[in-house]
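Subject: Structure for your study

Dear colleague,

Please find below the structure that I am handing over to you. My findings follow it, arranged by topic, so that you may read them with the model open.

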Amino acid sequence: VANLVQGLSCADPAVQEKAIAETEKRLQETGEEEESERTVNRTVINTRASDTVNAEAANADGFLALLEKDAKERAKRRKRNEHLANALKERGNDAFRKGDYVLAIQKYTEGLEKLKDKQELYTNRAQAYLKMHEYEKAIGDCEWALKCNEKCIKAYFLMGKAHLALKHYSESRQCYEKILQIDPQKESLFKDCMNEVHLEEKRMKDEERAMKEVQSGKLAALSIKELLQKLDRPDQSILYYTGGIRLLTGAVKDCTGQTLFRTNNGFSIFEDNEIVRRGFCAERKSTAEVDLSVSLLLLWQAVCAGNEENQRLLLTHPVVNAQLPKLLSSGVSEIQKETLALISLYSENENGRRLLVRHQDLTNWLQILMTFVNSTDARASSAMNILSDLTEEERFRTQCRAMLSTGVLPLFTQLLTSAKLVNQAALARCIGVMGNLCADAVIRMQMAECEECWQACLKLVDECLDVGTPRYQECLFAALGLMMNLLLESNSIIQYFAVDVSGRCMALLGDKDGRIVTRAIGVLSRVLPASSSAVEEVVKGGVVKKMIKFLKAGGQITSNYGIKTLSICTRANRQAQEDLVKSDKRFSVLLKLLDSADEMIVGNAAFCLGQCLAVPGAATSLLNSDVVMILLKHAGGDATRTSVQENAAIALGKLCVAEPRHIFQLRKLNGLAILNSSMKHMPSI
């Protein structure tokens, strides 16, 4: 009893928890004994109990009653303390948000005095200790938090940060690996954290190597330090600083040079030199200021190439961060060229892109970079490369939404309608970028609802049909891909343009470029469901015969688009059904497609066949074929797409209704049960 009481009053949460568990166990056992006394045979031999036994029983009952009362009081006290601890936590959080970390630590500590096993108070205090650079204390609090909750991701995250600050790289990695073990969904956080450890470890090694070269008296290392010191001289002419920056650029030739630039405060040129900062930030630059700006951009390229720590420091500098979009829009070709080259260092790798999307407001970048389609030099290609890279980032696509309708789409439609006047190679890349942006559902919906965008695409197709140069062909190929993506939407604008779009695609089916033909068929397969009028027009134009021709030639993608187009046309158009029966003698093409490994092709081929069996003589033409066995195999198969089984079963049923002699073959194959079960899919038969 003494041990239990002592344990309940212990300051150690673990000991206290163990004592509570033991007490509850005792109480439970007593309850079971009382229940047993109520249910057992009450016939006894000796009805007179010993006075000693009665006394002991009374003492035990009294003790257990005391324990129960104590447990209730402790529960009430804990509830009161938890309320106080939560209030202190909120006061600590408020102080943390205001940057008063000392007060935050004080409030979290007071909260822990009220409730020693509250995990949030430990992790919050650890976070405040991190801000105060008290890393050992932060680690200690994280360890206590994990005693309260061994799967606390925040504790491992903060402990990893603290170990990293102490240069305990192995321990930091272990903490982040624990996060992934606890929650595999945190893979993105895990990658970011591990990358941060890698960069910090590399930075330290680079700086140690650079320091050794300085100490050994290497000329290249000393020259960088001396040049930075000379650039630090105040009140010199702008030409002096421009010349010094160019010399410095030439001196930075490797990773050691980049590290020495960083460790000797090379990025502080803006903070300490008013002349350099004013010249670089001037809106209307003189010739000397243009030369200075170009020199700085070249220096940063040399300093940041392959060096992620320098890239981070440069991009997080407020002046550079604010100036980059202005430099891109400056209209000065030399400045734009070197700005694009600098940004390319970031966009061409994953870590660099993450830096851009985190530290730059990229809302206007799509519009700014798209304007370079008007350039006839290398700037256009550089800008399109950057855009292609950035579209891989979800955050960039999200930011593009803001200016899409008001800024981007008007510019884009203008470029499409001016294809003869712009850089056509860059225009093709630009159209491809817009197609990739359609992966974002919001952007795709806005573009698909833009009437001007559809008109511009049709105008471009018309020009390509007239001109047909290789560069125009690339624009046409990209425009068809864009339209295919937009046709994933369904709206009244698409319905309005469906006849025009399908008409242009029919004209492209005779193109010599197989890529163009395949995409034209793809657009047809997606636009025809939007309009019965469009279906009628393409059927009149001989689309069925053309599709059969392409399907005979084979090709997985073309076959997929072609059979889908046929399935749409034959769904409700009698002329299309008759055309297919005439064009595909004994359904040789459809039967071949029914043996495809692609379930989408098989399902659509079965659907087409089922639709065409209404044509007189169609079912009879199949009497000496393996069609029953093929359809039966698919109807009773285990395809992932249920439409395969359904369409095959329906076609099989229609086949036997249209030509009863097929039933004999069905009986031989023991397929009547499958046919009967398929009848539920054919209410009209």
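Which residues does Leu 366 touch, not counting residues up to four places away in sequence? In this predicted model, the list consists of Leu 387, Phe 396, Cys 400, Val 408, Val 433, Met 434 and Leu 437.

The nonpolar cores

Leu 366 is also one of the residues with the most contacts inside the largest nonpolar core, which has 166 residues. Trp 300, Trp 365, Phe 396, Phe 412, Met 434 and Met 447 are named with Leu 366 in that group. The element that gives the most to this core is helix α26, covering residues 470-486, with eleven residues. Apart from this core lies another, of 36 residues, and Leu 115, Tyr 135, Cys 142 and Tyr 156 are among them.

The chain as a whole

The protein chain contains 38 helices and zero strands. Of its 685 residues, 47% are buried. Among contacts with a separation of 6 or more, 69% are between residues 24 or more positions apart.

The cavity

How many cavities of 30 Å³ or more does a search of the whole structure find? The search finds one, and the volume of this largest cavity is about 40 Å³. Its lining is formed by Phe 261, Gly 266, Phe 267, Ile 269, Phe 270, Trp 300, Leu 314, His 317 and Val 320. By class, seven of the lining residues are nonpolar and two are polar, with no charged residues. Please note that Trp 300 lines this cavity and is also listed among the residues with the most contacts inside the largest core.

The second largest pocket

The second largest pocket has a volume of about 560 Å³. It is lined by 21 residues, of which Glu 196, Leu 199, Glu 309, Arg 312 and Arg 358 are the closest to its centre. Four helices, α7 (153-165), α9 (187-215), α16 (308-315) and α19 (350-359), each supply at least two residues of the lining. Which classes of residue make up this lining? There are eleven charged, six polar and four nonpolar residues.

An annotated span

Two individual residues

Is Arg 125 buried or exposed? Arg 125 counts as buried because its relative accessibility is 12%, and buried means under 20%. This residue is found in helix α5, residues 119-131. Leaving aside neighbours within four places in sequence, Arg 125 is in contact with Ile 105, Tyr 108, Thr 109, Leu 112 and Asp 141.

Ser 596, by contrast, lies in the loop between α33 (588-593) and α34 (599-612). Ser 596 is classed as partly exposed because its relative accessible area is 22%, and that class lies between 20% and 50%. Not counting residues up to four places away in sequence, Ser 596 touches Ile 601 and Val 602. From C-alpha to C-alpha, Ser 596 and Ser 559 are 10.0 Å apart in space, and they are 37 residues apart in sequence.

Yours sincerely,

A colleague

Notes. Residues numbered from 1 in each chain as written. Predicted model: local features only at pLDDT ≥ 70, side-chain atom pairs only at ≥ 80, totals over all residues. Heavy atoms only, no water. 1 Å grid on protein atoms, 1.4 Å probe; cavity = no way out; pocket = protein on both sides within 12 Å on 5 of 7 lines; lining within 4 Å. Points joined across faces, edges and corners; volume = space filled by probe spheres on them. Nonpolar A, V, L, I, M, F, W, Y, C, P; charged D, E, K, R; others polar. Core = buried A, V, L, I, M, F, W, Y, C linked by side-chain atoms within 4.5 Å. Buried < 20%, exposed > 50% of the residue type's maximum accessible area, 1.4 Å probe, protein only. Contact = heavy atoms within 4.5 Å.
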